[in-house]
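Here's a quick tour for anyone just getting started with protein structures. Have a look at the picture first, then read on.

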Amino acid sequence: MANQSSPSPIYCVSFNQDNSGFAISWKNSFKIFDSTTGRLCYERAAGAFVIVEMLYSSDLLAIVGAGEQTTTGSPLRELNFLTSILAVRMNKKRLVVVLLEKTFVYDLNTLVMLDTIDTVPNPKGLCAFSPCLEACYLAVPASVTKGSVLVYNVMDLQSHSEIDAHRSPLAAIALSSNGMYIATASEQGTLIRVHLVSEATKSFSFRRGTYPSTIYSLSFGPSTELPDILVATSSSGSIHAFSLRLAINQRSKRSTSFLGSVLPDSVSDALDPAHHHVLHNAVSSGIRSYAVVRKIDKLEGSSSPSQFTSLRATVSVITYNGYFQEYTLSINNKNESSWTLEREFNLLSITTTR
């Protein structure tokens, strides 16, 4: 792949709610791209922005400046806070603003503040948000000493649960788009855990590796039920994909065996590498990256959760030194996998539509 050893010039990377588009911000502008074609859809040269959040493919953007913006154009509405804004999330009904020790929930249409959530100090602005209105959850850290997650129902405006996921503080959180599952990784970066949100119970444990690594991103594949794939990027430069459906199939088989009857799921899942598909050296070690599963195609077999189905996943990766990569991950019904790089280009060099 292209040389990625230069310092990271990108301030922020964000995909919209259905991963059909993404935004990047760098030293004096931000850009919005179509994920499917790679086409540059919009560019604004008005200074640096630390947050650019899209609302699906609409014209509505939530942007947070880095303090060096010009006055070109005017915002539809403006919200001001006494401390730095660390994250912004939104769907068609709600706007969420994350500060160091508080999180605010607004009605998106009126920008009336609906609730204030007091949180533990959250200097990284860690949060996850499910845009689904029927199961619209927000997840933020619940502890600074261990990996606990506060899950809050943004539509009902009430706390849903607290999940103790790891012994070490959290490094990454992700919610499935349907709000059913939450994935977490701690600062150790060796285990990734998936919980069922409705019951606040652990469903799976996946081992990323033996040695500690910083998890940069977690993302579920699109699904109306159980996502087929969970992807992660880390400071090792690898892209990791975990097959949730295969894990279900293995658990079903294991539950009927003697070993399965004496080993708890948390142990056996964590030690079983069969559902782990890794692409080594996709990104230079230490370069921050963000990956999402844009699309999944079922190729053959049954769609029953108890049976593994051959699939093809489209995985999009953005690196913070300015590159876009798109891979096809193919997994057959024998759990044999392959990664194919479909395209790669430099995001910062694009100034006109592709």
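**A sheet, a histidine and some salt bridges**

The side chains of His277 and Ser337 make a polar contact at 2.9 Å. Keep in mind that this is a predicted model. Let's start with that histidine and its strand, then move on to the charged pairs.

**Around His277**
- You'll find His277 in strand β22, which covers residues 276-279.
- His277 counts as buried because its relative accessible area is 3%, under the 20% cut-off.
- Leaving out residues up to four places away in sequence, His277 touches several others, among them Ile239, His240, Leu329 and Trp339.

**The four-stranded sheet**
- Strand β22 belongs to an open sheet with the order β19-β20-β21-β22 and antiparallel pairing.
- β19 (215-220) and β22 are the edge strands, each pairing on one side only.
- On average, neighbouring strands here are turned by 20 degrees against each other, ignoring direction.

**Salt bridges**
- The whole structure has nine salt bridges.
- One of them joins Asp107 and Arg94, with the closest N and O atoms 3.9 Å apart; Asp107 is in strand β9 and Arg94 in strand β8.
- Asp118 and Lys102 form another, at 2.6 Å from N to O; Asp118 lies in β10 and Lys102 in β9, so the pair ties together parts 16 residues apart in sequence.
- Glu326 and Arg343 also meet in a salt bridge (3.1 Å, N to O), and both are buried.
- Arg294 joins Glu326 and Arg343 in a network of salt bridges.

Methods
Residues are numbered from 1 along each chain as its sequence is written. This is a predicted model: local features need pLDDT of at least 70, side-chain atom pairs count only at pLDDT 80 or more; totals for chains, interfaces and linings use all residues. Side-chain values use heavy atoms; hydrogens and water are left out. Helices (H or I, at least four residues) and strands (E, at least two) are DSSP runs, numbered from the N terminus. Buried means under 20% relative accessible area, exposed over 50%, partly exposed in between (1.4 Å probe, protein chains only). A polar contact is a pair of N or O atoms within 3.5 Å; within protein, one must be able to donate a hydrogen and the other to accept it, and residues adjacent in sequence count only if both atoms are side-chain atoms. Contact means heavy atoms within 4.5 Å. Two strands pair if DSSP finds at least two bridges between them. Axes are lines fitted to C-alpha atoms, for helices over the stretch in contact, and angles run from 0 to 180 degrees between N-to-C directions. A salt bridge is a side-chain nitrogen of Lys or Arg within 4 Å of a carboxyl oxygen of Asp or Glu.
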